[in-house]
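Reader: I would like to go through this model and ask what lies behind each label. Please set the values against the definitions.

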Amino acid sequence: MNRLVTLKHNSLKYFFSWFLQFLSSRSDKALIFLTHVAERLAAKDYYRREIRHIRHLFLTKHPSLEVVRRIMGDINPHHRRKLVETFVINQLLVGTETRHHFSKQPHGFYPPGFTVISPTMKCNLSCFGCYSAQHQKRTELTFEQFDSILSQQKEMGMYFSVISGGEPFVYKDLLEIFSKHSDIAFLVYTNGSMLTAETIGKLADLGNILPCISVEGFEAETDERRGKGHYQKVMSAFENLERAGLLYGFSATQTRLNSEILTSDEYIDIFIEKGCILGWFFHYIPVGRSPQAELMPTPEQRHHLRERIAYFRETKPILLGDFHNDGPVVGGCIAAGRKYFHVNAQGDIEPCVFFQYSTHNITTSSLQDALRSDFFQAIKQGQRSNSNLLRPCTLIDRPEISRSAISCHHAVPSHHEADDMFTTLKDDIDSYSQAYGTIADAAWDAMPHTRAELLQQKEELFLKKGSLASPDK
């Protein structure tokens, strides 16, 4: 198996090296040709339909495809080659085959697609509402622990990892980790203040990192939350990233206070102007420093964000993701090892960055142990019972699922305020879930032409990848 994977890896590497030269013209003809090649390589009808949809976007001159043209023509060639090698070849092609092969072994389960790792809880800022703020600031993974996590995930076919924190660039061995695991594609969530020209130059030399800078508003709002002058530091970091020819993006956390800003054209246009190719939106979840349900976006604001992102996707040349509202895109909640899981800085293996409970720790267990655990399986079983993909989250949409899993399997909180959502804020979460449920159920029922297909897709995903059984069992 390993020799076969290596042979395919090298063949694909040579093919894509040649193919990138062909695509660097950024011509529509070359890009459309790529969709025909991808359609022939796709193994399932569902993926072939999606590829045909992408080809339709090219033919209709969809604005978001300008991002594809930039990837093919404008970025640092070394960076482009490394991302194709790590993400396209390793993660999507070789990794998928490895995960499928892994599922057929005696341990028999289909691994998730990626990990989120927080190697440190240290940060050079102290932002109100940070989900990681209550972790002990001295807590860090050792280099050996970090290295082991990445090695273990590659054994299961995961060549993509998201790095969070704390502030990742505070971790002194971060670039050494990126270098040692040069076959992994890394997306790094950062506050941007440590992305100096020197650091960005090192990232360009490595080539396998895509930074994503958190910005929760315009200059006044950003400086109020993160400190005077921080917004200009971030804008400077964007400019240096563009000069270095790297791909990069932004992330934003929607709260009740900044929702109007985050859903405005002016806000999105700032990042398009600064050269971002992608943006990730999250909702404030009441975990971390002094968690407050009052900071959560209202159900109406959450629904409005979903509508606005749909509008931006049709009108703006940028790729946007919505962590909580994109349930229909990914078939529901992706936590607890269905598509990803989180390892925090003290080694706890958690279902999600916001779901800060665990039954396993890397000091005494392997990643496989946690993925097979009754705790993770109970969460995934609860996910299967959800018939509305606009309400995917087991913390704020279906809180009874997370409460039952914690209680039945004796999961422990990762810090002293992690249980506030399940104790002092329990009534607030239930009220939110009920109020948003009314809006989301109406929106879901208004999509009859897609509902049956989405539910069928979701069921197929769970049957093949969401249980301990091999996909062929």
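Reader: What makes Glu239 and Lys274 a salt bridge?

Author: The closest N and O atoms of Glu239 and Lys274 are 2.8 Å apart. A salt bridge is a side-chain nitrogen of Lys or Arg within 4 Å of a carboxyl oxygen of Asp or Glu, so the label applies. Glu239 lies in helix 10 and Lys274 in the loop between helix 12 (265-273) and strand 6, so the pair ties together parts 35 residues apart in sequence. This is a predicted model, in which local features need pLDDT of at least 70 and side-chain atom pairs count only at pLDDT 80 or more, while totals for chains, interfaces and linings use all residues. Residues are numbered from 1 along each chain as its sequence is written, and side-chain values use heavy atoms, with hydrogens and water left out.

Reader: Why is Lys274 called buried, and why is Glu239 called partly exposed?

Author: Buried means under 20% relative accessible area, exposed means over 50%, and partly exposed is in between (1.4 Å probe, protein chains only). Lys274 has a relative accessible area of 18%, so Lys274 is buried. Glu239 is at 31% relative accessibility and therefore counts as partly exposed.

Reader: How many salt bridges does the structure hold, and what does the one between Glu216 and Arg226 tie together?

Author: The structure holds 16 salt bridges. In the pair of Glu216 and Arg226, the closest N and O atoms are 2.8 Å apart. Glu216 lies in the loop between strand 4 and helix 9, and Arg226 in helix 9, so the pair ties together parts that are 10 residues apart in sequence. Both Glu216 and Arg226 are buried.

Reader: Why does Thr222 count as buried, and which residues does Thr222 touch?

Author: Thr222 is at 4% relative accessibility, so Thr222 counts as buried. This residue is found in helix 9 (residues 219-226); helices (H or I, at least four residues) and strands (E, at least two) are DSSP runs, numbered from the N terminus. Leaving out residues up to four places away in sequence, Thr222 touches Val215, Glu216, Gly217, Gly227, His230 and Tyr231. Contact here means heavy atoms within 4.5 Å.

Reader: How do helix 13 and helix 18 pack?

Author: Helix 13 (residues 299-315) and helix 18 (residues 426-445) pack at an angle of about 35°, with axes 9 Å apart. Axes are lines fitted to C-alpha atoms, for helices over the stretch in contact, and angles run from 0 to 180 degrees between N-to-C directions. From helix 13, the contact is made by Pro299, Glu300, Arg302, His303 and Arg306, and from helix 18 by Tyr432, Ala435, Tyr436, Ile439 and Ala443.

Reader: What makes strand 7 and strand 9 edge strands?

Author: The open sheet of nine strands has the order 7-6-5-4-3-2-1-8-9, with mixed pairing. Strand 7 (319-322) and strand 9 (349-350) each pair on one side only. Two strands pair if DSSP finds at least two bridges between them. Strand 6 (residues 278-283) and strand 7 run parallel and are joined by four bridges.
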